[in-house]
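The following report describes one part of a fold and one contact between two chains. Please consult the sequence and the structure shown here while reading.

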Amino acid sequence: MTKKQKKALIRIIIAVALVGLISLLPVKGYIRFALFMVPYLVIGYDILRKAVKGIMNRQVFDENFLMAVATIGAIALGDYTEGVAVMIFYQIGELFQSYAVGKSRRNISELMDIRPDYANVEGENGELEQVDPDEVEIGKVIVVQPGEKVPIDGVIIEGKSTLNTSALTGESLPREAEAGDEIVSGCINMTGVLRIRTTKEFGESTVSKILDMVENASSRKSRSENFISKFAHYYTPIVCYCAAALAVLPPLVSILFLHIAPDWGEWIFRALTFLVISCPCALVISIPLSFFAGIGGASRSGVLVKGSNYMETLAQTSCVVFDKTGTLTQGVFAVSSIYPEGMSEDQLLEYAALAESYSSHPISRSLQKAYGKAIDKNRIADVEEISGNGVKAAIDGKEVSVGNDKLMKKLGVSYKELNEVGTVVYVAVDQTFAGSILISDQPKPTAAAAIKALKKAGIRKTVMLTGDRKNVAEHVAKELGLSEYYAELLPADKVSGVEKLLSEQGKKEKLAFVGDGINDAPVLSRADIGIAMGAMGSDAAIEAADIVLMDDDPMKIAKAIKIARKCIRIVYENIYFAIGIKVICLILGALGIANMWAAIFADVGVMVIAVLNAIRALSVKRL
Amino acid sequence: MKKTYKIEVDCANCANKMEEAAKATDGVKDAVVNFMTLKMSVEFEEGSEPKAVMQDVLKNCKKVEDDCEIFL
């Protein structure tokens, strides 16, 4: 509890004790009134002061004013206990609200506690010195010991360790890192000591950017939040006028039309009850809190949402458009199948890898990678590059030619044509066809499951846009189960493609574009909502997108949509619940059925329930 | 120019009122109060002096909600 809260608690206890004591005393009339004024002022002096100040500053219709009028009214009607009790309960409610909000604020901040407190810098004699990460310059060497957070982005220059990236990506599987690897801040070093040369300042490091983004996210207000602000703006004055009407009109009607004695006391009391019920705080607090908790929960699972408004849009998404390369596929070429002719697969691969070993072409690199062994350059001689066609080399004395179909034709080798999607490498040994190797961009392991999960989550349309050839696109789209694809697009075509899809959307349906953020920034910003993936350490993606997936797992898209939907559901629950209960209580209060105690529940109880409901948005593990 | 200030305020509705008050202050182009993180970010008009403007912002906020604080 803070000092302020403690003070409020002490005041409440004193006031309750005094009221109990005075109720037991056999006093009447003015003395009783004077005695009750003591606990009333103890508990309510600040409310009264604020109410007076509010009137002087022309801010008449605030809560303090409502409470002051309600309690003074009750006291004026001779109901001293009720007047003081209402004030006490109001203060208890305020205390609880302040405590609950403070606590959830702390809970959420703790959850996102990835801010490193210090960096270890090596002194002249090799001893470690803890410094503020802000003070570490680019290019300095920092030391991260096991159990510590990596404070600044950099490159490992010495050491080997396992990193826990779960705070950044939500991925619990640890990641291996060794000298030469880039390392992003926010990871936790688990096993070995690492020496890191920083490549960025602390303020520009991943961890700072993420924190900055998440903290500022709730500043971009959603439509629901704006609605509530507006609602509160009109609501309080309307309720006040209603209360005034309730106090004055029924008695006047009794006098003028029914010709019976008016019960002024009863109607004024009902009007006061009405005022107490009306406080809009439950709504005003629970909506931003729900968004804050939802964004916090999302960032915990590696989904960074840049604003509450994007949560809303994401929840309404009905069409997801993907970029192909790097998003649905791995974006790297790899050997996907080997078709040998008269020799083993390994042998064919060995020949191809050796012959291509002098080239740095992506095709050659993927062959080396599939081969996986060190190349013995002594076995290779007479390498001859045949431009646009392939290479010819002597390996172990045999003449090996590796290249495309044109090379085979040129050499006059009769080859078996391979009609599969991807790049085909043909191999001939001593002028005889030895087989072919298919190299293609592989879909990500989770891509098909991700599309399925999206469909299950009710996404109507999944579309793939790619600059790749049509047969490649068709193959991938079929394999992953996408509903539409557009191939052979230039970057500008992607924008117009998204625009076309946007125009086909219904009014309440939103379109999300998922890309890797590197060269699709215009599309990311044109779509209703731009999602960039694989953002660990990529500033461009973080800048361009509305939602950032820290790792490059497409499964996270469905998860992000589910998180957003849960959050929005809670927001609406709170809106309906709070307004509903208030309206019911207002009616009951006007009819004289709900007394002051029910009014207090409608004010404080609803607020507490709404706050507790809002906190639910934080748990996203099982979505 | 945009600057962020730490604030203290007790209720969400009061935070909204502070935002309105800050927005209405001369020299402020836009202001957003974030009740959850207790921060106010203010975008200043071209050529205005943030320090002087913030004094006015504080004064206006105090008018609508006596019990608030902006840490300048």
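In S6(A), which residue is the bridge partner of A:Thr162? The partner is A:Glu176. This is a predicted model, in which local features need pLDDT of at least 70 and side-chain atom pairs count only at pLDDT 80 or more, while totals for chains, interfaces and linings use all residues. Residues are numbered from 1 along each chain as its sequence is written, and chains are lettered from A and ligands numbered from 1 in the order in which they are written.

**The sheet**

Strand S5 of chain A, residues 160-164, runs antiparallel to S6(A), and four bridges join them. Strands are DSSP runs of E with at least two residues, helices are runs of H or I with at least four, and both are numbered from the N terminus. Two strands pair if DSSP finds at least two bridges between them. In chain A, three strands form an open sheet in the order S6-S5-S8, with antiparallel pairing. Its edge strands, S6 and S8 of chain A, each pair on one side only.

| Edge strand | Residues |
|---|---|
| S6 (chain A) | 175-178 |
| S8 (chain A) | 188-189 |

**The contact between chains**

Chain A gives 18 residues to the contact and chain B gives 15; residues are in contact if their C-beta atoms, placed from the backbone, lie within 7 Å. On the side of chain A that touches chain B, helices H2, H4, H7 and H9 of chain A each supply at least two residues. H9(A) gives the most, with six residues.

**Confidence**

The predictor gives the complex an ipTM of 0.76 and a pTM of 0.76.

Methods: Contact = placed C-beta atoms within 7 Å.
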